[in-house]
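Reader: I have a chain open on my screen. Can we take it apart piece by piece?

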Amino acid sequence: MSPRLSLSTLNRLPAAVARPAYDIAAEVGVVHLGVGAFHRAHQAAYLDAILSRGHKGWAICGASLRSPDTSDALDPQDGLYTLAERSGAGDKLRVIGSLRRLLVAPRDPGALLAAMCDPRVRIVTLTVTEKGYCHDPASGTLDEAHRDIRADLASPHRPVSAPGYLVAALARRRAAGIAPFTVLTCDNLPANGKTVARVTARLAALRDADLGRFVAGEVAFPSTMVDRIVPATTDDDRAMVAAGLGMADAWPVMAEPFTQWVVEDRFSLGRPPLDEVGVELVSDVAPFEHMKLRLLNGAHSTLAYLGYLAGHATIAETMAVPAFARLVARLQDEEVTPTLHLPAGVDVAAYKAALRERFANPALKHRTWQIAMDGSQKLPQRLVAPARDRLAAGAPLPLLALGIAGWMRYVTGRDEQGGAIDVRDPLATRLKALADAAGPDADRLAPALLSVREVFGDLGADPHFAGPVRAALSRLLAQGAAATVEEAVGG
């Protein structure tokens, strides 16, 4: 039986494998909610680099709000795991040591609250996905009828949701005279810091008006923009990592070489020296956020839905089809770039070229099905927002409409061969019911799905938007995704 990665086996790693160059018992200064693959490939890697430069007090206590999988896999490894950077040039392996403690919130909510209330913890970061904030994506406000929010209000000392934990911990710190931590969301939400501030302050106010005013006035919620492609880890990936380490790692994470983190420099209790490890500290994240959400994420979602329907398992496989590569280029150049307002000096052409190269990276097995998850939460900022801007400018939006129509065709739950699609979405049951009632008829299906205000707001009633979407959906239903994309980009 091969050995397993852990503190006791670190010294047996091959010389080519990078590893922690600091005291592994580093003091925790950050609590992270939602300790999934993206966090471990992104924020935890940046903090690992900061600890490696000799800066103490910035190790992480990671908490899973739902599944114990990460804790169960990494506890026997003393929190260590491998980050594999994959490209056409080969794989680079690096063992990350910044994740010093792992908690599973449902097992022990009190332990997580105690960690968040430790005076040494100065920042709470989050990657809980869009749906984890229990908000209405169309309005950016707290969904007060959400099951988890109702549970948090009924039992505020045993929270369930991410906002519930934030409010409970901030309330405890306030009562104990401990200054509030900074809340640093790293999820793809529009104006993510402002959105999370609004959601958290509203939940606090529903619990206690004074607490709501305190959260709104005293807690820092910087906005951020994060970027790194992190595909799901496969058994083949684990085998590759084990061969490279000479030992087993139950929970490695895969990523592309590219990584970016843009942060609004507004922290109430200080911050690690993020600028020393490549983080861009700015006064306004919004232009970078819009650029990324629309050019990267919007194109990614479009490729995911249409690529999946056309039978492609991964983004790289989809991009290898010339028509899909042209679709991305034209979507970005013709319909999305004109909606951006970027600071002077931003080379948007180079950014788009880099994105297309990243999408086509054959070493990344980023599944179209994975990216297609939670579309009702993602579409409002990725495709609907730029479509709204195009309409305001009186400009056409055929390719944005095609991406949205791809989502509509996907959430019917049946692929082009009649097989079932495993649609993972908070609104999946409702969307399926609407699709089943409408049937495969664009004149019925498009209006039914455009009526979902959580996704489209009032835009579904605008004929200048509904018309192109219905027309694109009609073509998808009649001739399939591959032929529709070929036709859309000129053959």
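Author: One term to begin with: two strands pair if DSSP finds at least two bridges between them. Strand β12 (residues 260-264) and β13 run parallel, and 3 bridges join them. The model is predicted.

Reader: What is the bridge partner of Glu85 in β11?
Author: Strand β3 (residues 81-87) pairs with β11 in the parallel sense. There are 3 bridges between β3 and β11. For Glu85, the partner in β11 is Ala255.

Reader: Are Thr182, Val183, Leu184 and Thr185 of β9 buried or exposed?
Author: In a regular strand, side chains alternate between the two faces of the sheet. In β9 (residues 182-185), Thr182 and Leu184 lie on one side, with Val183 and Thr185 on the other. Both faces are covered, and these four residues are all buried.

Reader: Which residue in β9 is the bridge partner of Val124?
Author: Strand β6 (residues 123-126) pairs with β9. The sense is parallel, over 4 bridges. Val124 has as its partner Val183.

Reader: Why are α6 and α8 called roughly perpendicular?
Author: Helix α6 (residues 162-176) packs on helix α8 (residues 209-218) with axes 11 Å apart. The angle is about 95 degrees. Angles of 65 to 115 degrees count as roughly perpendicular. The two helices are therefore roughly perpendicular.

Reader: How many residues of the contact of α6 with α8 are nonpolar?
Author: From α6 come Val167, Leu170, Ala171 and Arg174; from α8 come Asp210, Leu211, Phe214 and Val215. Of these, 2 are charged and none is polar. The nonpolar count is 6.

Reader: How do α20 and α21 compare: what is their contact made of?
Author: The axes of helix α20 (residues 463-479) and helix α21 (residues 481-488) come within 7 Å and cross at roughly 130 degrees. The pair is therefore oblique. Arg475, Leu476 and Gln479 of α20 meet Ala481, Ala483, Thr484 and Glu487 of α21. The contact divides into 3 nonpolar, 2 polar and 2 charged.

Reader: What is the radius of gyration of the chain?
Author: The chain has 21 helices and 13 strands. The globule rule gives 23 Å for 491 residues, and the chain comes close to that, so it is as compact as a globular protein of that length. The chain's radius of gyration is 23 Å.

Reader: What percentage of the 491 residues is buried?
Author: The C-alpha trace spans about 60 × 55 × 45 Å along its principal axes. Among contacts between residues at least 6 apart in sequence, 76% join residues at least 24 apart. The buried share of the residues is 57%.

Terms used
Residues are numbered from 1 along each chain as its sequence is written. This is a predicted model: local features need pLDDT of at least 70, side-chain atom pairs count only at pLDDT 80 or more; totals for chains, interfaces and linings use all residues. Side-chain values use heavy atoms; hydrogens and water are left out. Axes are lines fitted to C-alpha atoms, for helices over the stretch in contact, and angles run from 0 to 180 degrees between N-to-C directions. Angles under 35 degrees count as roughly parallel, over 145 as roughly antiparallel, 65 to 115 as roughly perpendicular and the rest as oblique. Contact means heavy atoms within 4.5 Å. Ala, Val, Leu, Ile, Met, Phe, Trp, Tyr, Cys and Pro count as nonpolar, Asp, Glu, Lys and Arg as charged, and the others, Gly among them, as polar. Buried means under 20% relative accessible area, exposed over 50%, partly exposed in between (1.4 Å probe, protein chains only). The radius of gyration is taken over C-alpha atoms; the globule rule is 2.2 Å times the number of residues to the power 0.38.
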